[in-house]
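Here's a quick tour for anyone meeting this structure for the first time. Have a look at it, then read on.

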Amino acid sequence: MPRFRDTSLQNSKPSVDRKNRIKEPKNIMRTVDPAALEILEYTKENNIITAFDRWSAQQPQCAFGYQGICCRICFAGPCRIKGVEGPGSMGICGARDYTIVARNAIRMMAGGCSAHSDHGRELVEVLYHLAEGHAPDYEVRDPDKLRRVAKKIGLEIEGKSDLDLAKEVAEVAFEDYGRHTSEGCKFLKANICEKRIKKYEETDTMPRAIDREVVEVMHRTHVGVDADPVNLIFGGIKCSLADVTGEHISTDISDILFGTPKPVMSEANLGVIDPDKVNIIVHGHNPVLSQMVVDTARELEEEAKAAGAKGIGISGICCTGNEVLMRNGVPIATSYMAQELAIATGAIDVMVVDVQCIMPGLRNVCECFNTKLVTTMSISKIPGSYHFSFEDSKAKKSAEAIIRLAIEAYKDRKNTGRPVRIPQFKNKLMAGFSLEALLDLFAAINPDNPIKVLTDAIINGEIAGVCALAGCNNLEAVYEKNHTEIVKELAKNNVFMVGTGCVMQAAAKHGLLNYEAVEKYAGPGLKRFIDRLYEANKDKLSDKLPLAFHMGSCVDNSRILDLWTEMANALNVDVPKVPFVATAPEGMSEKAVAIGTWVVASGIPCHVGAMPPLEGSNLVWSVVTCIAHDVFGGYFILETDPQEAAKKLLAALEYRAWKLKVHMKAAEEYGTELCQAF
Ligand code: BF8
Ligand code: SF4
């Protein structure tokens with residue numbers, strides 16, 4: 001770990017111990033979101049069970065599982081680590097706490113990698129089928145991005161048609177899933193700096209192929225294979241770097257097929273729902289589905305009006321919501337933890353879902369309100385819901401059928417006079433900041449070297465550094481409390497923030513993604529920086545810039561990796577020297593575990609605000625919070641208190657900015673190379 005000015009922050013342990021972490025477990029009103037609170041009052045009165053009730057019913061949760069020392073890898077178990085000595089200190093096979101914790105953790109990484117990468121594979125397949133003429137409803141909407149991506153991964157682009165190039169890009173991507181040699185994944189190597197490539201090669205963490213690394217994790221964690229916690233964790237890192245490869249493929253191909261996001265205005269929270277429209281919520285992750293629903297809805301608007309509705313109202317939840325927000329300005333209904341509460345407004349006609357973060361509990365709530373729940377992917381079905389198979393060869397037809405189902409459900413809702421209750425809370429937001437869009441803003445100030453606008457602002461002390469906001473909701477933290485408190489605290493301390501996923505939906509819902517938030521919360525340096533960016537770009541922006549910059553869905557964390565890579569290259573250092581931190585204030589999913597791990601392996605301090613199951617092994621704990629820094633330059637900050645977390649993030653930024661400036665000054669004064677130590 002680096003040495004901070006405030007030595008009290010040096011402690012790698014969280015400020016609150018396990019027993020005191022959860023306050024009032026029987027109170028289900030665990031949120032600071034006023035819209036969610038209003039609906040929770042209603043669900044409570046009417047005995048409608050949601051995640052908030054189920055979380056409370058699960059308390060207290062099993063302490064073995066919570067700490068990661070329950071092993072169910074073979075059915076001689078389950079085994080639990082019951083003490084520090086004797087036979088009870090090991091599983092039946094002799095696995096120690098450190099083996100069990102490390103094995104469980106890297107299996108989570110493999111789960112995350114599988115989810116992100118299979119999402120990416122769907123996109124590669126659409127691109128490939130499009131090039132082959134078998135996906136007629138899709139097109140290359142951003143041919144410039146296609147050429148940029150092709151060039152980056154080493155393809156010759158001159159004289160080739162879009163479709164020919166699309167096919168070649170898809171083939172390279174397919175190869176990244178199943179290569180048999182060990183030269184490393186192309187979509188990873190093309191997007192990281194030379195020094196990181198060397199680091200991963202030296203530490204044997206360069207992924208060979210995405211599928212292979214997932215399989216290897218499953219193999220090495222099988223009963224009686226890898227028992228060495230450090231070796232296991234390095235295997236997990238390799239798999240997590242395969243995860244970011246899959247994420248990068250997802251982002252690049254989504255941009256090629258659906259367009260690279262540009263700044264766009266919208267709104268967020270349940271108040272965006274208009275009861276007089278045919279209301280469809282798109283939920284899940286894959287834009288292959290949601291973008292088609294959005295495009296098709298525009299064409300069927302008249303049918304909805306003929307049914308007596310004002311039109312078709314689409315809103316989003318989770319990352320597919322972020323995808324269509326970024327490219328079309330589709331409003332955000334809410335985020336992961338409140339997905340059932342959106343249904344409990346009574347105003348939703350169809351919720352259409354694809355994959356990931358879709359609660360099975362939705363089905364019962366839909367039943368109460370006659371909302372049609374539509375699954376679309378063969379690997380993701382929910383008993384009792386409708387299933388409309390979504391294949392890229394007939395994507396538009398499926399989208400039309402889903403929208404017509406919603407129109408029928410709307411008529412039914414109006415005929416039965418079903419009451420609706422829509423909390424009147426929503427906030428204006430600006431999103432759409434792909435890396436291209438961000439660099440475009442910087443280019444208005446420095447056209448020759450746009451990224452220098454950001455790095456200079458750090459070097460001259462105007463801003464403290466950059467923080468990436470990412471991740472989920474977890475009721476261990478009060479819903480959206482960690483998110484909002486951390487954003488406000490970092491803003492006050494002049495941190496430039498970018499972000500993805502449910503944390504950005506929280507920020508949007510709470511009015512933190514607009515200029516009013518800059519006026520209210522930004523420290524003087526950050527405000528000056530954001531104002532300057534706006535002044536230079538005001539001709540092309542429809543509003544002033546926001547407090548934090550929404551970069552998209554969770555796979556779009558790849559855009560954030562590109563941002564720190566640009567910064568590292570501009571500063572002529574490796575990533576661990578860049579004043580950049582990350583936080584998942586309410587992390588929850590396996591995907592978040594994989595992301596956090598590649599963030600750390602990239603050389604970035606990464607805070608997680610809900611406790612991952614690691615506390616059962618001091619050894620593993622010290623590897624991820626301390627030793628990781630020595631090897632990769634990044635490390636985990638595991639801290640459940642949002643104010644303490646903000647202090648630790650700020651300390652990490654202060655340390656990095658200070659050290660970078662000292663080294664830059666020394667290099668200048670003595671005419672030496674810039675010191676690369678971190
Ligand atoms: O991929 S932030 S709860 S929606 S896992 Fe899920 Fe977490 Fe939300 Fe998006 Ni990401
Ligand atoms: Fe128990 Fe070992 Fe089987 Fe795990 S792998 S359940 S520790 S016997």
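Let's start with one pair: G499 stands opposite H550 in β13. This is a predicted model, where local features need pLDDT of at least 70, side-chain atom pairs count only at pLDDT 80 or more, and totals for chains, interfaces and linings use all residues. Residues are numbered from 1 along each chain as its sequence is written, and side-chain values use heavy atoms, with hydrogens and water left out.

**The sheet**
- Strand β12 (residues 495-500) runs parallel to β13, joined by 4 bridges; strands are DSSP runs of E, at least two residues, and helices are H or I runs of at least four.
- The open sheet has 6 strands in the order β13-β12-β11-β14-β15-β16, with parallel pairing (two strands pair if DSSP finds at least two bridges between them).
- Because β13 (548-552) and β16 (636-638) sit at the edges with a single partner strand each, one side of each has no neighbour in the sheet.

**A helix on the sheet**
- Helix α23 (residues 557-571) packs on the sheet, touching β11, β12, β13 and β14 (contact means heavy atoms within 4.5 Å).

**Around ligand 1**
- The residues surrounding ligand 1 include H285, C318, Y336, M588 and K591 (a residue counts if one of its heavy atoms lies within 4 Å).
- An N or O atom in the side chain of H285 is 2.7 Å from an oxygen atom of ligand 1, and a polar side-chain atom of K591 lies 2.9 Å from an oxygen atom of the ligand.

Terms used
Chains lettered and ligands numbered in written order. Axes fitted to C-alpha atoms, helices over the stretch in contact; angles between N-to-C directions. Polar contact = N/O pair within 3.5 Å; in protein donor to acceptor, adjacent residues only side chain to side chain.
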